[in-house]
Amino acid sequence: MFSPDVPNNRQHDLFDQTVVPEFGKELRVYSSSEIIDEIHLSMVDGVGPAITRRLLACFGSIRAIFDASPKDLRAVEGVGPKLADHLAHAREEYHPDRLIELCEKENYKILIPQDIRYPALLRTIPDPPAVLYLNGELLPRDNMALAVVGTRGMTYYGRKQTEKLTEGLVRAGFTVVSGMARGIDGTAHRTALERGGRTIAVLGSGFLNIFPPEHKDLYRQIAEHGAVLSEFPPYQVSLPGHFPQRNRIVSGMSLGVLVVESPLRSGSLITARMALEQDREVFAVPGPVDSAHSRGCNRLIREGAHLVESIDNILDELGPLPFPAAQSEEETAPIRHPAESRLNEREKKVLSLVETTPKPIDTIISASGLNPGQVLAVLSVLESRQLIVREGGNRVRRS
């Protein structure tokens, strides 16, 4: 049990962040004490998102949960004698203020879903983490993220495809998300960093217990140039059950999941299944029919995953972004559709003049400074890429 000898009676500056509305609810500002309660409950061994929802539905608040008797706690679905005992003694066994002190010392940030820094897409899944630990920085451009995952037993073919496709994603302005495991995951992170792109790692352990241990340098590079996330406290060691739990975050904060290479039994297939449950796109790279390392990918394709030979196959399938993303630090105009990354400067200029409500083409021509033929040609390209919709023949709007 983690309990460093530090004071636990002070207020913290860690939570002085703007919060955002819960979906379908009015803005509610959480107090520091409420956030500390969230952290406290998340520290209890065996409490995940599903158990948290059931406990709150039954008792109404975290403090009421900790005040409940073991008998009443055991009446909640999924709460056995061991977990009920942990919850009943949570105030003696777990010390959130000491954990907060550690995070402040190490410059880790603690996020709850109402925090504006919390990944926007991740909030929309059925079971978002109640608490996320962040090392590094999340940016608005991370709203356009794609997960790249695959086998730890990577082949030469898998490595080359991972490098090629990750480089294409970086050029298109995507943030690359993965689990920092050996094999495909690590190659995706390294390639994104080497190409000057953004990458986010999601861990199945805490920041002070990096797994695999040979990825400690990679972890530091990602934290410095991107972000590392975990729903586990910094001192938590990795356990087998943590990795499927981690995978729902990898898929949940991404527009889709790309499986590069996978046998029939692989954590990457779990990530793909979770992506489908979260209404995300699933992409897979086909492999040799006689390769055991590609049987998982080939099966995904047979079952309906999008076959990927190049980055264009991904861009063709992704629809408008649920949340606008900044394409780069240099460009201030938000990107609303991944296909915008393939536009040239003239096409971007014309698209910027098209609005979400129908607008006359003549007005766009006048504002563009281009001749009518050039604008009409560009509008045809934008329409073919499903970025705009033509209405009534002489009016267009954003799709």
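This is a predicted model: local features need pLDDT of at least 70, side-chain atom pairs count only at pLDDT 80 or more; totals for chains, interfaces and linings use all residues.

First, the term: a crossing of two helices is called right-handed if the near helix is turned clockwise from the far one by less than a right angle, and left-handed if it is turned anticlockwise.

Helix H16 passes H17 in a right-handed crossing. H16 covers residues 361–368 and H17 covers residues 372–384; their axes come within 10 Å and cross at roughly 115°. On the H16 side the contact uses Ile-361, Ile-364, Ile-365 and Ser-368, and on the H17 side it uses Pro-372, Val-375, Leu-376 and Leu-379. Sorted by class, that contact has 7 nonpolar residues, 1 polar residue and no charged ones. As a general point, an α-helix has 3.6 residues a turn, so residues three or four places apart point the same way.

The axes of H15, residues 345–352, and H17 come within 10 Å and cross at roughly 85°. Angles from 65 to 115 degrees count as roughly perpendicular, and H15 and H17 are therefore roughly perpendicular to each other. H15 contributes Arg-346, Glu-347, Val-350 and Leu-351, which meet Gln-374, Val-378, Leu-379, Val-381 and Leu-382 of H17. Here the classes come out as 6 nonpolar, 1 polar and 2 charged.

The next pair is H9 and H10. How far apart are the axes of H9 and H10, and at what angle do they pack? The axes are 11 Å apart, and the angle is about 45°. H9 and H10 are therefore oblique to each other. Their crossing is left-handed. The residues in contact are Gly-186, His-189, Arg-190 and Leu-193 from H9, with Leu-218, Gln-221, Ile-222 and His-225 from H10. This contact of H9 with H10 has 3 nonpolar, 4 polar and 1 charged residues.

Staying with H9 for a moment: Thr-187 is found in this helix, which spans residues 184–194. Is Thr-187 buried or exposed? Thr-187 is buried, because its relative accessible area is 9% and the cut-off for buried is under 20%. Leaving aside neighbours within four places in sequence, Thr-187 is in contact with Met-154, Arg-159, Thr-162 and Glu-163.

In soluble globular proteins, nonpolar side chains tend to be buried together. The largest nonpolar core in this model has 40 residues, and Ile-39, Val-79 and Leu-87 touch the most other members. The helices that each supply at least two residues of this core are H1 (32–42), H2 (49–59), H3 (62–67), H5 (81–88), H7 (96–106) and H10 (216–225). Another core, of 28 residues, lies apart from it; among its members are Tyr-118, Ile-125, Leu-132 and Ala-305.

On burial of a whole helix, H11 is the case to look at. 9 of the 11 residues of H11, residues 242–252, are buried, so this helix is largely enclosed by the rest of the structure. The buried residues in H11 include His-242, Phe-243, Arg-246 and Asn-247, and also Arg-248, Ile-249 and Val-250.

A few backbone details next. A cis peptide bond joins Phe-211 and Pro-212, with omega about 0°. Pro-212 lies in the loop between strand S5 (198–202) and H10.

Asn-107 is not a glycine, yet has a positive phi of about 65°. Asn-107 sits in the loop between H7 and strand S1 (109–111), and is exposed, at 53% relative accessible area. Asp-279, also a residue other than glycine, has a positive phi near 65°. Asp-279 lies in the loop between helix H12 (267–277) and strand S8 (281–284), and is exposed, with a relative accessible area of 70%.

Last, Pro-334, in strand S11, residues 334–335. At 42% relative accessibility, Pro-334 counts as partly exposed. Beyond four places in sequence, Pro-334 is in contact with Pro-324, Ala-325 and Glu-340. Pro-334 and Ser-352 are 18 residues apart in sequence and 10.0 Å apart in space, C-alpha to C-alpha.

Key:
Residues are numbered from 1 along each chain as its sequence is written. Side-chain values use heavy atoms; hydrogens and water are left out. Axes are lines fitted to C-alpha atoms, for helices over the stretch in contact, and angles run from 0 to 180 degrees between N-to-C directions. Helices (H or I, at least four residues) and strands (E, at least two) are DSSP runs, numbered from the N terminus. Contact means heavy atoms within 4.5 Å. Ala, Val, Leu, Ile, Met, Phe, Trp, Tyr, Cys and Pro count as nonpolar, Asp, Glu, Lys and Arg as charged, and the others, Gly among them, as polar. Buried means under 20% relative accessible area, exposed over 50%, partly exposed in between (1.4 Å probe, protein chains only). A nonpolar core is a set of buried Ala, Val, Leu, Ile, Met, Phe, Trp, Tyr and Cys residues joined through side-chain atoms within 4.5 Å. Angles under 35 degrees count as roughly parallel, over 145 as roughly antiparallel, 65 to 115 as roughly perpendicular and the rest as oblique.
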